Amino acid sequence: MSKKMAKGVSSTFVYILGAMFMLSFIFVFEAMLTVFSRFYSDALAKKLVHIERNTRGISNQEEAEIITSNCNLFEGSWVLDDDVIDPLYNTTTCPFIRKTFDCTNRPDRQYLKYKWQPTGCDLPRFDGRDILRRYKGKQIMFIGDSLSLNNYDSFLCLLYVSVPGMNYKTKLTNQSVTVIFEDYDVSVTLFNSLFLVDVEVEHIGKVLKLNSIKNGEIWKQADVLIFNTWLWWARRKPKQPWDYIENGGKLVKDMNRMAAFRRGLNTWAQWVETEVDLTKTKVFYQGEAASHHHGEDWGEPGVKGCSNQTTPVVGSIYPGGLPLPAQIVKQVLKNMTNSVYLLDITILSHLRKDGHPSNYNGYGGIDCTHFCLSGVPDTWNQLFYASLLTS
């Protein structure tokens, strides 16, 4: 064999050995990659299963407890959510909305696109079907003035749309209205009580009795109580619904209204602690909402009323600060031995100067005290639901 041929054979042999080595390396690498991929896929699958079990399988109550343990739901700001196409319910088909809260004719609709964003967490979703199941055969009662009515109508609509086609009936008394959702036997009552304490007709006229709560015998029969008062305490004649005030056995023509409010609220607090079995009945106090009559309160001096207001106050701080009635409420609740859950809606409602019916309600006139439905009260009830789960 010539040297040239030997060199060719040698080169071919080296090439074949090199190819075999590369094939072996590729085979081993692919095998290792397959094993690693299987291991990685298994680990990833286990992780995904863990995530799924801990999110999709979580209960509403667990979700609420996780959220409320990490942040204060009542501290935050209103943010524009462009993903909102429709409100939580159709105001034209919900049978419970009073004309005074109906803003169907309001030309701007952006006020419906703002959502309450707590600092550091998200507000749990409202689940009306869950409430109906939890309180099957039981009674939920709102007690207070027309802002309680505002809240009540929102709550009814949110429950009504949660189960399409649900049957209901209504019962009326001189002081209350009750809607019974028959499929679940859940009763939702509004009991009209402007002051929580009594107003009685006597020979001298109507007397506001700061130390008396006779309607409590009716209230404590409910399974959930949501109280509210303040709106009428500052009223003067001719809208003042009483002629005299009785305080500690003394009859006076008038007194400092903040002092009267505090005295009446203390009477209510004492009634809760002595008359209500808090192991069976959940008690909530709905904080003062908001009226918007003076622009300087929200940083717009010279503006009168809520007309033409289309956006909330920016941020988390209301320039006018926490109103004195809301401060009194917090003081009274803090001094109670037993815990009453405060639905602390005051600041978040004050930020919503754009949320009122203004002159677009069914009765005309300017309303800068109540809120449109649907609208801000729906958020009150989202907060109520989260509180209901964790209280």
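**A sheet, some pockets and a cavity**

Author: This is a predicted model. It has an open sheet of four strands, ordered 7-8-10-11, and the pairing in it is mixed.

Reader: Which strands stand at the edges of that sheet?
Author: Strand 7 (198-202) and strand 11 (250-252) do. Each has a single partner strand, so one side of each is left without a neighbour in the sheet.

Reader: And by how many degrees are neighbouring strands turned against each other?
Author: On average by 30 degrees, with direction ignored.

Reader: OK, what joins strand 8 to strand 10?
Author: Three bridges. Strand 8 covers residues 205-209, strand 10 covers residues 244-247, and the two run parallel. Within that pair, Lys209 stands opposite Glu246 of strand 10.

Reader: What holds paired strands together in general?
Author: Strands of a sheet pair through backbone hydrogen bonds, either parallel or antiparallel.

Reader: Let's zoom out. How many helices and strands are there in the protein?
Author: Nine helices and 13 strands. The protein has 391 residues, and 45% of them are buried.

Reader: What about contacts between residues at least 6 apart in sequence: what share join residues at least 24 apart?
Author: That share is 75% in this protein.

Reader: Back to strands. Is strand 3 largely enclosed or left open?
Author: Strand 3 (residues 139-144) has five of its six residues buried, so it is largely enclosed by the rest of the structure.

Reader: Which strands does strand 3 pair with?
Author: Strand 6 (residues 186-192) is one of its partners, running parallel to strand 3 and joined to it by six bridges. Strand 9 (residues 224-227) also pairs with strand 3 in the parallel sense, over four bridges.

Reader: Which residues are bridge partners there?
Author: Phe142 has Leu190 in strand 6 as its bridge partner. For Ile143, the bridge partner is Phe227 in strand 9.

Reader: Switching topic: how much space lies in the largest pocket?
Author: About 580 Å³. Its lining has 29 residues, and Val84, Leu88, Lys115, Thr379 and Gln382 are the ones nearest the centre.

Reader: Which elements supply at least two residues of that lining?
Author: Strand 2 (114-118), helix 4 (146-162) and helix 9 (376-390) each do.

Reader: How does the lining of the largest pocket divide into nonpolar, polar and charged?
Author: There are 13 nonpolar residues, seven polar and nine charged.

Reader: And the second largest pocket, what's its volume?
Author: About 370 Å³. It is lined by 18 residues, with Glu288, Ala290, Ser291, His293 and His350 nearest its centre. By class, that lining has eight nonpolar, seven polar and three charged residues.

Reader: How many cavities of 30 Å³ or more are there?
Author: The count comes to one. The largest cavity has a volume of about 50 Å³.

Reader: What lines the largest cavity?
Author: Gly287, Glu288, Leu322, Ala326, Val329, Lys330, Leu342, Asp344 and Thr346. Glu288, then, is in this lining and also among the residues nearest the centre of the second largest pocket.

Reader: Which helix gives the most to the cavity lining?
Author: Helix 7 (residues 324-334), with three residues. As for the classes in the cavity lining, four residues are nonpolar, two polar and three charged.

Notes:
Residues are numbered from 1 along each chain as its sequence is written. This is a predicted model: local features need pLDDT of at least 70, side-chain atom pairs count only at pLDDT 80 or more; totals for chains, interfaces and linings use all residues. Side-chain values use heavy atoms; hydrogens and water are left out. On a 1 Å grid over the protein atoms alone, a cavity is a set of points where a 1.4 Å probe fits but cannot get out, and a pocket is an open set with protein on both sides within 12 Å along at least five of seven lines; lining residues have an atom within 4 Å of a point. Grid points are joined across faces, edges and corners, and a volume is the space filled by probe spheres set on the points. Ala, Val, Leu, Ile, Met, Phe, Trp, Tyr, Cys and Pro count as nonpolar, Asp, Glu, Lys and Arg as charged, and the others, Gly among them, as polar. Two strands pair if DSSP finds at least two bridges between them. Axes are lines fitted to C-alpha atoms, for helices over the stretch in contact, and angles run from 0 to 180 degrees between N-to-C directions. Buried means under 20% relative accessible area, exposed over 50%, partly exposed in between (1.4 Å probe, protein chains only). Contact means heavy atoms within 4.5 Å.
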